[in-house]
Amino acid sequence: MAGHSKWANIQHRKGRQDAKRGKIFTKLIKEITVSARMGGGDTAMNPRLRAAVAAAKEENMPSDNITRAIKKGTGELEGVNYEEIRYEGYGINGAAIIIDCLTDNRQRAVMDVRHALTKHGGNLGTDGSVAFMFKHCGQLVFEPGVSEDAVMEAALEAGAEDVIADEDGSIEVITAPADFVTVKEALEAAGLKAVMAQVTMKPLNEVVFTGEDAVKMQKILDMLEDLDDVQEVYTSAVIEED
């Protein structure tokens, strides 16, 4: 991890996500629909739906689109019945990957995921093969220069699990998934807006990639993220930019 900058990696990931904004509305609508189907259409009673709606509003999704997606989930409107599937696998050098899918065709999803992994040197694992290497949590990241004391005070008061000050000056706030939106809103009310905020699978250990290995690993991640059935890709790989 020598020379590894948490902040540089966050910016790298965010930059790649921003480059794929064309697919973000489709993914958000699917997540809202499935969340409403599984836990009901009331955001006050359904933390997952509340987080999905908050993410949609962050992307300036029109309220009508959000309402329609919720109604499709609760059955008030007709919609596609998506199945939630998680695949686990490995990139190169043993880097762990979790791939969360929402699909109406399980066979297509697994074929596409397997192909994306194996084409550039990865492979599909069995259920549970890498999930234990990750923590399911809410994560908010603040850029260097933001007051650590202010973040810590507001976050812990709102019920965050942990506040981590990284060597490069960035600050991470970790929450239970159900508390994510509450903590995020409390921080924003205190004038503290995270540059990256998400409910995620956070790797417990990271594998740093440089040079040719970084290029190969990034190709695997890009190919997975470009699949229509894939909602999220989590990995222990950290891609160092030259």
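Mentor: What follows takes the terms one at a time and sets values against definitions.

Mentor: This is a predicted model, in which local features need pLDDT of at least 70 and side-chain atom pairs count only at pLDDT 80 or more, while totals for chains, interfaces and linings use all residues. Residues are numbered from 1 along each chain as its sequence is written, and side-chain values use heavy atoms, with hydrogens and water left out.

Trainee: Which residues of H4 are buried, and why are they said to line one face?

Mentor: Buried means under 20% relative accessible area, exposed means over 50%, and partly exposed lies in between, with a 1.4 Å probe and protein chains only. In H4, the buried residues are Ile66, Ala69, Ile70 and Gly73. Seen down the axis of H4, these residues fall within an arc of 100°, so they line one face of the helix; the arc is that of the directions from the helix axis to the C-beta atoms. An α-helix has 3.6 residues a turn, so residues three or four places apart point the same way. The buried residues of H4 pack against helix H2 (24-39) and helix H3 (47-58), where contact means heavy atoms within 4.5 Å. Just after H4, glycine 75 takes a positive phi of about 95°.

Trainee: Why is lysine 184 called buried, and what is it in contact with?

Mentor: Lysine 184 has a relative accessible area of 11%, which is under 20%, and therefore counts as buried. Lysine 184 lies in helix H7 (residues 180-189) and, leaving aside neighbours within four places in sequence, is in contact with Glu58, Leu140 and Ala197.

Trainee: How do you know whether serine 170 is buried or exposed, and what is its side chain in polar contact with?

Mentor: Serine 170 has 1% relative accessibility and so counts as buried, although its place is in the loop between strand S5 (162-165) and strand S6 (171-175). The side chain of serine 170 makes a polar contact with the side chain of aspartate 168 at 2.7 Å. A polar contact is a pair of N or O atoms within 3.5 Å; within protein, one must be able to donate a hydrogen and the other to accept it, and residues adjacent in sequence count only if both atoms are side-chain atoms.

Trainee: Why is asparagine 81 called exposed, and which residues is it in contact with?

Mentor: The relative accessible area of asparagine 81 is 56%, so the residue is exposed. Asparagine 81 lies in the loop between H4 and S1 and is in contact with Arg37, Thr103 and Asp104, leaving aside neighbours within four places in sequence. With the side chain of arginine 37, the side chain of asparagine 81 makes a polar contact at 2.8 Å.

Trainee: How many disulfides does the rule give?

Mentor: A disulfide is a pair of cysteine sulfur atoms within 2.5 Å, and by this rule the count comes to zero. Cysteine 101, at 2% relative accessibility, counts as buried, and cysteine 137 counts as buried at 0%.

Trainee: What makes a set of residues a nonpolar core, and which have the most contacts inside the largest?

Mentor: A nonpolar core is a set of buried Ala, Val, Leu, Ile, Met, Phe, Trp, Tyr and Cys residues joined through side-chain atoms within 4.5 Å. The largest has 23 residues, and those with the most contacts inside it are Tyr87, Ile97, Ile99, Val113, Phe209, Met217 and Leu224. Among the elements that give two or more residues to this core are strand S1 (83-90), strand S2 (96-103) and helix H8 (211-225). Apart from it lies another core, of 16 residues, among them Val151, Ala160, Ile171 and Ala194.

Definitions and conventions: Helices (H or I, at least four residues) and strands (E, at least two) are DSSP runs, numbered from the N terminus.
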